[in-house]
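Biologist: I'm new to this one. Could you show it to me, and let me ask how you know what you say about it?

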Amino acid sequence: MPLLPKILWSLVGVLGALAYGLAIGGIIRKVMARIQGRIGPPVWQPYLDLGKNLSLRTATHHGVMSFIAPIFRAGGGIGLYLLIPVVVGVPALENFSFSGDLLMAMYFMFFGSLGMALGAAEAGHPHSPIGISRGLSQMTAYELPFALAVVALVAQTGSFSIHEIVAAQQGGWLHWNLIQNPLAAVAAFLAFLGMNMYAPFNIVGAPQEIPVGPPTEFNSQFLSLLMVGRATFAVAKMVLYMDLFLGGATSLPEAFVKTFLIYFWSVFVGAVFPRFRTEQAIRFFLGWPTVAGVAGVLLVMLNR
Amino acid sequence: MEKRKLPVLPVAAPPEGSRPHAPLGEGCFLGEEELPKAPALKEALATIKNWFRAQSLWVMAYGTGCGAIELRPLTTARFDMERFGMAMRPTPRQSNVLIVSGYLATKSLKRVIRAYEQMPSPKWIVGLGSCTINGGMYWDSYNTINRLDLYLPVDVYIAGCMPRPEALIEGFKYLMERVKKGEANGWHHYLENLDWYKANQKKLITDWNLPDYNW
(Lines give C-alpha, C1' and ligand atoms only; values in the text may rest on other atoms or scores of the structure.)
Protein backbone atom coordinates (compact mmCIF):
# COMPACT_ATOMS: atom_id res chain seq x y z
CA MET A 1 0.00 0.00 0.00
CA PRO A 2 1.42 3.47 -0.89
CA LEU A 3 2.42 5.66 2.01
CA LEU A 4 -0.11 8.47 1.70
CA PRO A 5 -3.28 6.33 1.70
CA LYS A 6 -1.73 4.32 4.51
CA ILE A 7 -1.27 7.44 6.64
CA LEU A 8 -4.87 8.51 5.92
CA TRP A 9 -6.22 5.07 6.79
CA SER A 10 -4.18 5.07 9.99
CA LEU A 11 -5.72 8.41 10.95
CA VAL A 12 -9.17 6.95 10.35
CA GLY A 13 -8.12 3.97 12.45
CA VAL A 14 -6.97 6.19 15.33
CA LEU A 15 -10.27 8.07 15.30
CA GLY A 16 -12.14 4.76 15.19
CA ALA A 17 -10.08 3.46 18.11
CA LEU A 18 -10.85 6.62 20.05
CA ALA A 19 -14.58 6.30 19.40
CA TYR A 20 -14.50 2.61 20.35
CA GLY A 21 -12.43 3.25 23.47
CA LEU A 22 -14.77 5.99 24.68
CA ALA A 23 -17.83 3.84 23.96
CA ILE A 24 -16.30 0.97 25.93
CA GLY A 25 -15.70 3.36 28.81
CA GLY A 26 -19.38 4.26 28.73
CA ILE A 27 -20.47 0.64 28.66
CA ILE A 28 -18.22 -0.09 31.64
CA ARG A 29 -19.80 2.72 33.65
CA LYS A 30 -23.24 1.42 32.75
CA VAL A 31 -22.32 -2.16 33.69
CA MET A 32 -20.83 -1.04 37.00
CA ALA A 33 -23.93 1.02 37.76
CA ARG A 34 -26.19 -1.93 37.00
CA ILE A 35 -24.14 -4.19 39.26
CA GLN A 36 -24.56 -1.63 42.05
CA GLY A 37 -28.31 -1.42 41.40
CA ARG A 38 -28.20 2.05 39.85
CA ILE A 39 -29.52 3.31 36.53
CA GLY A 40 -26.14 4.71 35.57
CA PRO A 41 -25.08 7.31 33.03
CA PRO A 42 -25.98 7.03 29.35
CA VAL A 43 -23.58 4.92 27.29
CA TRP A 44 -22.40 8.03 25.41
CA GLN A 45 -21.45 9.85 28.62
CA PRO A 46 -17.65 9.74 27.92
CA TYR A 47 -18.26 11.64 24.66
CA LEU A 48 -20.15 14.30 26.61
CA ASP A 49 -17.38 14.46 29.21
CA LEU A 50 -14.80 14.86 26.46
CA GLY A 51 -16.84 17.64 24.81
CA LYS A 52 -17.35 19.35 28.15
CA ASN A 53 -13.67 19.26 29.03
CA LEU A 54 -12.81 20.70 25.62
CA SER A 55 -15.19 23.62 26.19
CA LEU A 56 -13.72 24.79 29.49
CA ARG A 57 -11.25 27.61 29.83
CA THR A 58 -7.97 27.15 31.58
CA ALA A 59 -5.47 29.62 32.90
CA THR A 60 -3.26 27.38 35.00
CA HIS A 61 0.44 27.14 34.44
CA HIS A 62 2.58 24.56 36.19
CA GLY A 63 5.52 24.50 33.81
CA VAL A 64 6.41 23.08 30.42
CA MET A 65 6.65 19.44 31.46
CA SER A 66 3.13 19.40 32.86
CA PHE A 67 1.89 20.75 29.53
CA ILE A 68 3.73 18.04 27.62
CA ALA A 69 2.64 15.20 29.92
CA PRO A 70 -0.88 14.77 28.47
CA ILE A 71 0.66 14.80 24.98
CA PHE A 72 3.05 12.04 26.07
CA ARG A 73 0.11 10.09 27.44
CA ALA A 74 -1.99 10.48 24.30
CA GLY A 75 1.10 9.87 22.17
CA GLY A 76 1.78 6.64 24.06
CA GLY A 77 -1.74 5.38 23.37
CA ILE A 78 -1.88 6.44 19.73
CA GLY A 79 1.70 5.28 19.08
CA LEU A 80 0.97 1.85 20.53
CA TYR A 81 -2.17 1.57 18.42
CA LEU A 82 -0.30 2.55 15.26
CA LEU A 83 2.24 -0.24 15.74
CA ILE A 84 -0.21 -3.12 16.01
CA PRO A 85 -2.03 -4.73 13.08
CA VAL A 86 -5.75 -4.68 13.85
CA VAL A 87 -7.09 -6.90 11.07
CA VAL A 88 -4.42 -9.02 9.45
CA GLY A 89 -4.81 -9.31 5.69
CA VAL A 90 -6.54 -5.94 5.27
CA PRO A 91 -3.71 -3.50 4.42
CA ALA A 92 -5.77 -0.47 5.50
CA LEU A 93 -6.06 -1.84 9.04
CA GLU A 94 -2.57 -3.27 9.44
CA ASN A 95 -1.15 0.07 10.57
CA PHE A 96 2.64 0.44 10.66
CA SER A 97 3.48 -3.09 11.71
CA PHE A 98 7.10 -4.07 11.08
CA SER A 99 9.38 -6.94 11.94
CA GLY A 100 10.36 -5.85 15.47
CA ASP A 101 7.08 -4.24 16.47
CA LEU A 102 6.46 -6.35 19.56
CA LEU A 103 9.58 -4.95 21.27
CA MET A 104 8.55 -1.44 20.27
CA ALA A 105 5.02 -2.03 21.57
CA MET A 106 6.35 -3.13 24.96
CA TYR A 107 8.36 0.07 25.15
CA PHE A 108 5.35 2.19 24.19
CA MET A 109 3.35 0.73 27.05
CA PHE A 110 5.78 2.37 29.46
CA PHE A 111 6.17 5.56 27.46
CA GLY A 112 2.89 7.25 28.36
CA SER A 113 3.17 6.53 32.06
CA LEU A 114 6.73 7.84 32.25
CA GLY A 115 5.74 11.09 30.55
CA MET A 116 2.79 11.36 32.88
CA ALA A 117 5.11 10.81 35.86
CA LEU A 118 7.33 13.73 34.86
CA GLY A 119 4.38 16.02 34.23
CA ALA A 120 2.45 15.11 37.35
CA ALA A 121 5.54 15.65 39.47
CA GLU A 122 5.89 19.17 38.09
CA ALA A 123 2.23 19.99 38.71
CA GLY A 124 3.23 20.04 42.36
CA HIS A 125 0.22 18.52 44.06
CA PRO A 126 1.32 16.02 46.74
CA HIS A 127 -1.26 13.46 45.63
CA SER A 128 0.23 13.25 42.15
CA PRO A 129 3.65 11.85 43.12
CA ILE A 130 1.93 9.39 45.50
CA GLY A 131 -0.20 8.13 42.63
CA ILE A 132 2.79 8.05 40.33
CA SER A 133 4.96 6.07 42.74
CA ARG A 134 2.16 3.56 43.24
CA GLY A 135 1.49 3.34 39.51
CA LEU A 136 5.12 2.84 38.53
CA SER A 137 5.78 0.22 41.20
CA GLN A 138 2.66 -1.69 40.21
CA MET A 139 3.65 -1.38 36.58
CA THR A 140 7.13 -2.75 37.24
CA ALA A 141 5.50 -5.71 38.97
CA TYR A 142 3.00 -6.65 36.24
CA GLU A 143 5.55 -6.03 33.52
CA LEU A 144 7.44 -9.15 34.67
CA PRO A 145 4.72 -11.78 34.02
CA PHE A 146 3.74 -9.94 30.84
CA ALA A 147 7.34 -9.88 29.58
CA LEU A 148 7.73 -13.59 30.41
CA ALA A 149 4.55 -14.37 28.45
CA VAL A 150 5.84 -12.38 25.48
CA VAL A 151 9.22 -14.16 25.69
CA ALA A 152 7.39 -17.50 25.64
CA LEU A 153 5.39 -16.53 22.55
CA VAL A 154 8.44 -15.13 20.79
CA ALA A 155 10.43 -18.29 21.49
CA GLN A 156 7.50 -20.38 20.29
CA THR A 157 7.04 -18.48 17.05
CA GLY A 158 10.67 -17.55 16.50
CA SER A 159 9.83 -13.97 15.64
CA PHE A 160 9.37 -10.56 17.25
CA SER A 161 6.80 -9.58 14.62
CA ILE A 162 3.18 -9.41 15.75
CA HIS A 163 2.25 -10.13 12.16
CA GLU A 164 4.06 -13.47 12.21
CA ILE A 165 2.73 -14.38 15.64
CA VAL A 166 -0.79 -13.88 14.26
CA ALA A 167 0.05 -15.84 11.11
CA ALA A 168 1.31 -18.76 13.23
CA GLN A 169 -2.07 -18.98 14.97
CA GLN A 170 -4.24 -19.28 11.85
CA GLY A 171 -6.24 -22.41 11.07
CA GLY A 172 -8.84 -22.67 13.82
CA TRP A 173 -9.16 -21.79 17.47
CA LEU A 174 -7.09 -24.77 18.57
CA HIS A 175 -4.08 -22.98 17.09
CA TRP A 176 -4.53 -19.91 19.26
CA ASN A 177 -1.78 -19.24 21.77
CA LEU A 178 -4.46 -19.31 24.45
CA ILE A 179 -4.65 -23.08 23.79
CA GLN A 180 -1.09 -23.61 22.52
CA ASN A 181 0.59 -22.02 25.51
CA PRO A 182 -2.01 -21.71 28.26
CA LEU A 183 0.58 -20.92 30.95
CA ALA A 184 1.84 -17.85 29.11
CA ALA A 185 -1.79 -16.85 28.53
CA VAL A 186 -2.54 -17.11 32.25
CA ALA A 187 0.48 -14.93 33.07
CA ALA A 188 -0.45 -12.34 30.46
CA PHE A 189 -4.13 -12.16 31.31
CA LEU A 190 -3.38 -11.75 35.02
CA ALA A 191 -0.95 -8.96 34.09
CA PHE A 192 -3.77 -7.46 32.01
CA LEU A 193 -5.76 -6.91 35.20
CA GLY A 194 -2.96 -4.70 36.49
CA MET A 195 -2.62 -2.84 33.19
CA ASN A 196 -6.25 -1.78 33.12
CA MET A 197 -6.19 -0.50 36.67
CA TYR A 198 -9.61 -1.69 37.66
CA ALA A 199 -10.10 -3.25 41.08
CA PRO A 200 -8.28 -5.06 42.64
CA PHE A 201 -5.45 -3.01 41.12
CA ASN A 202 -6.92 0.49 41.20
CA ILE A 203 -4.79 1.79 44.04
CA VAL A 204 -3.11 4.15 41.55
CA GLY A 205 -6.10 6.43 41.13
CA ALA A 206 -7.55 5.26 44.44
CA PRO A 207 -10.85 7.13 44.47
CA GLN A 208 -11.83 8.25 47.98
CA GLU A 209 -8.26 8.04 49.15
CA ILE A 210 -5.75 10.09 47.19
CA PRO A 211 -8.32 11.94 45.13
CA VAL A 212 -7.60 10.93 41.55
CA GLY A 213 -3.89 10.23 41.75
CA PRO A 214 -1.61 11.42 38.95
CA PRO A 215 -4.03 13.69 37.04
CA THR A 216 -5.06 15.69 40.14
CA GLU A 217 -3.84 19.00 38.72
CA PHE A 218 -4.86 18.44 35.11
CA ASN A 219 -7.99 20.19 33.93
CA SER A 220 -10.05 21.08 30.85
CA GLN A 221 -8.16 20.48 27.59
CA PHE A 222 -5.32 18.65 29.32
CA LEU A 223 -7.76 16.29 30.93
CA SER A 224 -9.51 15.67 27.62
CA LEU A 225 -6.14 14.79 26.10
CA LEU A 226 -5.61 12.33 28.95
CA MET A 227 -9.04 10.86 28.21
CA VAL A 228 -8.06 10.46 24.56
CA GLY A 229 -4.85 8.74 25.62
CA ARG A 230 -6.66 6.42 28.00
CA ALA A 231 -9.27 5.41 25.42
CA THR A 232 -6.83 4.71 22.60
CA PHE A 233 -4.40 2.98 24.96
CA ALA A 234 -7.18 0.66 26.13
CA VAL A 235 -8.07 -0.25 22.54
CA ALA A 236 -4.41 -0.75 21.62
CA LYS A 237 -3.89 -3.12 24.58
CA MET A 238 -6.98 -5.11 23.67
CA VAL A 239 -5.87 -5.42 20.05
CA LEU A 240 -2.37 -6.47 21.16
CA TYR A 241 -3.80 -9.21 23.38
CA MET A 242 -6.11 -10.33 20.60
CA ASP A 243 -3.16 -10.60 18.24
CA LEU A 244 -0.97 -12.38 20.75
CA PHE A 245 -3.40 -14.88 22.24
CA LEU A 246 -6.69 -15.05 20.34
CA GLY A 247 -5.31 -15.50 16.85
CA GLY A 248 -5.83 -11.93 15.67
CA ALA A 249 -8.84 -11.07 13.56
CA THR A 250 -9.68 -11.48 9.90
CA SER A 251 -12.60 -9.06 9.91
CA LEU A 252 -13.70 -6.02 11.89
CA PRO A 253 -16.74 -7.66 13.57
CA GLU A 254 -14.49 -10.49 14.75
CA ALA A 255 -12.06 -7.93 16.14
CA PHE A 256 -14.88 -6.17 17.99
CA VAL A 257 -16.14 -9.36 19.62
CA LYS A 258 -12.69 -10.55 20.67
CA THR A 259 -11.48 -7.22 22.02
CA PHE A 260 -14.73 -6.71 23.90
CA LEU A 261 -14.38 -10.10 25.60
CA ILE A 262 -10.75 -9.39 26.47
CA TYR A 263 -11.54 -6.06 28.04
CA PHE A 264 -14.53 -7.27 29.98
CA TRP A 265 -12.45 -9.95 31.61
CA SER A 266 -10.85 -7.18 33.67
CA VAL A 267 -14.14 -5.32 34.18
CA PHE A 268 -15.95 -8.33 35.61
CA VAL A 269 -13.01 -9.14 37.86
CA GLY A 270 -13.00 -5.51 38.95
CA ALA A 271 -16.70 -5.57 39.74
CA VAL A 272 -16.42 -8.30 42.35
CA PHE A 273 -13.04 -7.79 44.03
CA PRO A 274 -11.96 -5.22 46.59
CA ARG A 275 -8.77 -3.21 46.23
CA PHE A 276 -5.23 -4.42 46.84
CA ARG A 277 -2.69 -2.21 48.53
CA THR A 278 0.46 -1.52 46.51
CA GLU A 279 2.66 -4.04 48.28
CA GLN A 280 -0.11 -6.67 48.06
CA ALA A 281 -0.42 -6.01 44.34
CA ILE A 282 3.33 -6.36 43.84
CA ARG A 283 3.39 -9.56 45.87
CA PHE A 284 0.51 -10.89 43.76
CA PHE A 285 2.18 -10.18 40.43
CA LEU A 286 5.53 -11.57 41.53
CA GLY A 287 3.77 -14.71 42.78
CA TRP A 288 1.58 -16.98 40.67
CA PRO A 289 1.51 -14.89 37.47
CA THR A 290 5.30 -14.87 37.39
CA VAL A 291 5.43 -18.61 38.15
CA ALA A 292 2.98 -19.19 35.28
CA GLY A 293 5.13 -17.02 33.01
CA VAL A 294 8.33 -18.92 33.86
CA ALA A 295 6.48 -22.22 33.38
CA GLY A 296 5.22 -20.97 30.01
CA VAL A 297 8.77 -20.22 28.89
CA LEU A 298 9.93 -23.66 30.16
CA LEU A 299 7.06 -25.32 28.29
CA VAL A 300 8.29 -23.78 25.06
CA MET A 301 11.89 -24.75 25.80
CA LEU A 302 10.95 -28.39 26.50
CA ASN A 303 8.78 -28.62 23.39
CA ARG A 304 11.47 -27.52 21.01
CA MET B 1 -64.73 32.22 66.75
CA GLU B 2 -62.23 34.91 67.39
CA LYS B 3 -58.86 34.41 65.79
CA ARG B 4 -56.16 33.91 68.31
CA LYS B 5 -53.47 36.52 68.04
CA LEU B 6 -49.96 35.16 67.87
CA PRO B 7 -47.56 36.82 70.22
CA VAL B 8 -44.94 39.02 68.54
CA LEU B 9 -41.55 37.74 69.51
CA PRO B 10 -38.86 40.30 70.15
CA VAL B 11 -36.02 40.14 67.62
CA ALA B 12 -32.81 39.33 69.36
CA ALA B 13 -29.92 41.67 68.83
CA PRO B 14 -26.73 40.08 67.49
CA PRO B 15 -24.68 38.81 70.40
CA GLU B 16 -21.96 40.94 71.87
CA GLY B 17 -18.70 40.74 69.96
CA SER B 18 -20.18 39.16 66.83
CA ARG B 19 -18.41 39.87 63.56
CA PRO B 20 -19.85 42.66 61.43
CA HIS B 21 -21.34 41.31 58.22
CA ALA B 22 -20.88 43.06 54.93
CA PRO B 23 -23.80 45.38 54.24
CA LEU B 24 -26.43 44.36 51.74
CA GLY B 25 -26.44 46.58 48.74
CA GLU B 26 -25.88 46.99 45.05
CA GLY B 27 -23.54 44.57 43.36
CA CYS B 28 -25.01 41.24 44.42
CA PHE B 29 -25.38 38.65 41.72
CA LEU B 30 -29.10 38.11 41.40
CA GLY B 31 -28.99 35.48 38.71
CA GLU B 32 -28.98 37.85 35.74
CA GLU B 33 -25.72 38.39 33.92
CA GLU B 34 -25.26 39.07 30.23
CA LEU B 35 -22.09 37.90 28.56
CA PRO B 36 -20.51 40.37 26.13
CA LYS B 37 -21.79 40.00 22.58
CA ALA B 38 -19.63 37.78 20.40
CA PRO B 39 -19.56 37.19 16.62
CA ALA B 40 -22.35 34.96 15.27
CA LEU B 41 -20.08 31.98 14.74
CA LYS B 42 -18.78 32.17 18.30
CA GLU B 43 -22.32 32.42 19.63
CA ALA B 44 -23.31 29.29 17.73
CA LEU B 45 -20.25 27.52 19.08
CA ALA B 46 -21.15 28.64 22.59
CA THR B 47 -24.57 27.01 22.21
CA ILE B 48 -22.93 23.69 21.40
CA LYS B 49 -20.45 24.10 24.26
CA ASN B 50 -23.25 24.87 26.70
CA TRP B 51 -25.07 21.73 25.57
CA PHE B 52 -21.99 19.68 26.46
CA ARG B 53 -21.39 21.51 29.73
CA ALA B 54 -24.93 21.00 30.95
CA GLN B 55 -24.81 17.25 30.54
CA SER B 56 -21.55 16.64 32.29
CA LEU B 57 -21.56 18.62 35.54
CA TRP B 58 -18.74 17.50 37.79
CA VAL B 59 -19.31 18.36 41.40
CA MET B 60 -16.55 19.39 43.76
CA ALA B 61 -16.68 16.83 46.56
CA TYR B 62 -16.33 19.26 49.43
CA GLY B 63 -18.88 19.71 52.19
CA THR B 64 -18.86 22.85 54.27
CA GLY B 65 -21.71 22.15 56.68
CA CYS B 66 -24.27 19.60 57.71
CA GLY B 67 -25.88 19.81 54.25
CA ALA B 68 -23.15 17.57 52.90
CA ILE B 69 -24.95 14.66 54.55
CA GLU B 70 -27.76 15.10 52.01
CA LEU B 71 -25.29 15.05 49.12
CA ARG B 72 -24.02 11.54 49.75
CA PRO B 73 -27.31 9.77 49.06
CA LEU B 74 -27.12 11.24 45.57
CA THR B 75 -24.35 8.81 44.68
CA THR B 76 -26.25 5.78 45.98
CA ALA B 77 -28.60 3.47 44.13
CA ARG B 78 -31.73 5.22 45.42
CA PHE B 79 -31.05 8.65 43.92
CA ASP B 80 -28.08 8.05 41.58
CA MET B 81 -27.01 11.42 40.21
CA GLU B 82 -24.69 9.72 37.73
CA ARG B 83 -27.69 9.15 35.45
CA PHE B 84 -27.65 12.91 34.77
CA GLY B 85 -23.98 12.73 33.92
CA MET B 86 -22.98 14.23 37.25
CA ALA B 87 -20.00 12.90 39.13
CA MET B 88 -18.04 13.83 42.22
CA ARG B 89 -14.53 15.10 41.54
CA PRO B 90 -12.11 15.36 44.42
CA THR B 91 -10.09 18.22 42.92
CA PRO B 92 -11.22 21.77 42.08
CA ARG B 93 -9.23 21.65 38.84
CA GLN B 94 -11.66 19.14 37.39
CA SER B 95 -14.94 20.30 38.90
CA ASN B 96 -17.55 22.63 37.45
CA VAL B 97 -20.02 22.92 40.30
CA LEU B 98 -19.17 24.00 43.83
CA ILE B 99 -21.84 23.15 46.35
CA VAL B 100 -21.81 25.22 49.51
CA SER B 101 -23.69 22.77 51.63
CA GLY B 102 -25.24 24.53 54.59
CA TYR B 103 -23.61 26.89 57.06
CA LEU B 104 -20.33 28.38 56.01
CA ALA B 105 -17.89 29.24 58.78
CA THR B 106 -15.60 32.17 58.07
CA LYS B 107 -12.70 29.76 58.32
CA SER B 108 -14.21 27.55 55.58
CA LEU B 109 -15.07 30.60 53.48
CA LYS B 110 -11.37 31.15 52.90
CA ARG B 111 -10.97 27.56 51.64
CA VAL B 112 -14.12 27.78 49.55
CA ILE B 113 -12.86 30.96 47.85
CA ARG B 114 -9.54 29.29 47.14
CA ALA B 115 -11.26 26.21 45.71
CA TYR B 116 -13.68 28.31 43.65
CA GLU B 117 -10.94 30.38 42.10
CA GLN B 118 -8.97 27.28 41.10
CA MET B 119 -11.87 25.83 39.14
CA PRO B 120 -11.73 26.35 35.37
CA SER B 121 -14.40 28.71 33.99
CA PRO B 122 -17.29 28.46 33.40
CA LYS B 123 -18.09 27.33 36.93
CA TRP B 124 -21.21 27.41 39.00
CA ILE B 125 -22.11 27.61 42.68
CA VAL B 126 -25.11 25.94 44.23
CA GLY B 127 -26.16 27.28 47.62
CA LEU B 128 -27.68 24.42 49.55
CA GLY B 129 -29.98 25.02 52.52
CA SER B 130 -31.31 28.10 54.26
CA CYS B 131 -27.96 28.90 55.81
CA THR B 132 -26.58 30.13 52.50
CA ILE B 133 -29.62 32.38 51.94
CA ASN B 134 -30.12 34.14 55.26
CA GLY B 135 -28.02 32.31 57.81
CA GLY B 136 -30.76 29.86 58.71
CA MET B 137 -30.59 28.66 62.27
CA TYR B 138 -27.07 30.08 62.52
CA TRP B 139 -28.22 33.61 61.66
CA ASP B 140 -26.74 35.12 64.84
CA SER B 141 -23.68 32.93 65.08
CA TYR B 142 -20.40 34.72 65.60
CA ASN B 143 -18.45 32.72 63.04
CA THR B 144 -20.75 31.89 60.12
CA ILE B 145 -21.77 34.03 57.19
CA ASN B 146 -25.41 34.93 56.62
CA ARG B 147 -25.60 35.63 52.92
CA LEU B 148 -23.38 33.65 50.57
CA ASP B 149 -23.91 35.89 47.53
CA LEU B 150 -22.05 38.72 49.20
CA TYR B 151 -18.88 36.70 48.88
CA LEU B 152 -19.35 34.41 45.88
CA PRO B 153 -21.84 34.47 42.98
CA VAL B 154 -24.52 31.84 43.57
CA ASP B 155 -26.31 30.48 40.50
CA VAL B 156 -28.91 28.28 42.14
CA TYR B 157 -30.26 28.26 45.68
CA ILE B 158 -31.93 25.18 47.11
CA ALA B 159 -33.94 26.27 50.13
CA GLY B 160 -34.74 24.09 53.12
CA CYS B 161 -33.24 22.90 56.35
CA MET B 162 -32.26 20.40 55.18
CA PRO B 163 -33.44 20.00 51.58
CA ARG B 164 -34.03 16.34 50.74
CA PRO B 165 -31.97 14.68 47.98
CA GLU B 166 -35.03 14.97 45.70
CA ALA B 167 -34.89 18.73 46.15
CA LEU B 168 -31.20 18.69 45.30
CA ILE B 169 -31.90 16.78 42.11
CA GLU B 170 -34.56 19.38 41.21
CA GLY B 171 -32.02 22.11 41.86
CA PHE B 172 -29.39 20.45 39.71
CA LYS B 173 -31.86 19.95 36.87
CA TYR B 174 -32.70 23.65 37.08
CA LEU B 175 -28.99 24.45 36.96
CA MET B 176 -28.59 22.21 33.91
CA GLU B 177 -31.42 24.06 32.16
CA ARG B 178 -29.85 27.39 32.91
CA VAL B 179 -26.42 26.22 31.77
CA LYS B 180 -27.90 24.89 28.55
CA LYS B 181 -29.57 28.23 27.87
CA GLY B 182 -26.36 30.07 28.74
CA GLU B 183 -28.01 31.92 31.62
CA ALA B 184 -25.86 30.73 34.50
CA ASN B 185 -23.09 33.31 34.27
CA GLY B 186 -22.19 33.92 37.88
CA TRP B 187 -18.54 33.21 37.12
CA HIS B 188 -18.53 36.16 34.71
CA HIS B 189 -20.14 38.40 37.31
CA TYR B 190 -17.39 37.41 39.73
CA LEU B 191 -14.67 38.37 37.27
CA GLU B 192 -16.38 41.67 36.37
CA ASN B 193 -16.98 42.67 39.99
CA LEU B 194 -13.86 41.19 41.51
CA ASP B 195 -13.10 44.31 43.58
CA TRP B 196 -16.53 44.30 45.19
CA TYR B 197 -16.29 40.61 46.05
CA LYS B 198 -12.73 40.94 47.34
CA ALA B 199 -13.68 43.88 49.53
CA ASN B 200 -16.53 41.88 51.07
CA GLN B 201 -14.34 38.84 51.56
CA LYS B 202 -11.57 40.82 53.20
CA LYS B 203 -14.04 42.44 55.57
CA LEU B 204 -14.70 39.02 57.03
CA ILE B 205 -11.38 37.24 56.68
CA THR B 206 -9.06 39.22 58.88
CA ASP B 207 -6.03 36.99 58.41
CA TRP B 208 -6.05 37.40 54.64
CA ASN B 209 -3.00 35.66 53.20
CA LEU B 210 -4.26 34.60 49.79
CA PRO B 211 -3.07 35.98 46.49
CA ASP B 212 -5.63 38.44 45.14
CA TYR B 213 -6.78 36.07 42.48
CA ASN B 214 -5.47 32.53 42.68
CA TRP B 215 -6.01 30.56 39.55
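Biologist: How many of the residues of chain A count as buried, and what makes a residue buried?

Modeller: Keep in mind that this is a predicted model. Of the 304 residues of chain A, 52% are buried. A residue gets that label if 20 or more other C-beta atoms lie within 10 Å of its own.

Biologist: How do you know whether the radius of gyration of chain A agrees with a compact globule?

Modeller: The rule for a globule is 2.2 Å times the number of residues to the power 0.38. For 304 residues that lands near 19 Å, and chain A has 19 Å, so the value agrees with a compact globule. The C-alpha atoms fill a box of roughly 60 × 45 × 40 Å along the principal axes. As for contacts in chain A with a separation of 6 or more, 79% of them come from residues 24 or more positions apart.

Biologist: And which elements build chain A?

Modeller: Chain A has 12 helices and zero strands.

Biologist: Over to chain B. What puts the buried residues of α7(B) on the same side?

Modeller: In helix α7 (residues 194-204) of chain B, the buried residues are Y197(B), N200(B) and Q201(B). They cover an arc of only 95° around the axis, so they sit on the same side of α7(B). Their cover includes α3 (106-118) and α6 (186-192) of chain B.

Biologist: Which residues are exposed on the other side of α7(B), and what makes them so?

Modeller: D195(B) and A199(B) are exposed there.

Biologist: Last one: how many residues of chain B are in contact with chain A?

Modeller: 17 residues of chain B are in contact with 26 residues of chain A. On the chain B side, five are nonpolar, six polar and six charged.

Methods: Residues numbered from 1 in each chain as written. Chains lettered and ligands numbered in written order. Predicted model: local features only at pLDDT ≥ 70, side-chain atom pairs only at ≥ 80, totals over all residues. Helix = DSSP H or I, 4+ residues; strand = E, 2+ residues; numbered from the N terminus. Buried ≥ 20, exposed ≤ 12 C-beta atoms within 10 Å, placed from the backbone. Contact = placed C-beta atoms within 7 Å. Arc of directions from axis to C-beta. Nonpolar A, V, L, I, M, F, W, Y, C, P; charged D, E, K, R; others polar.
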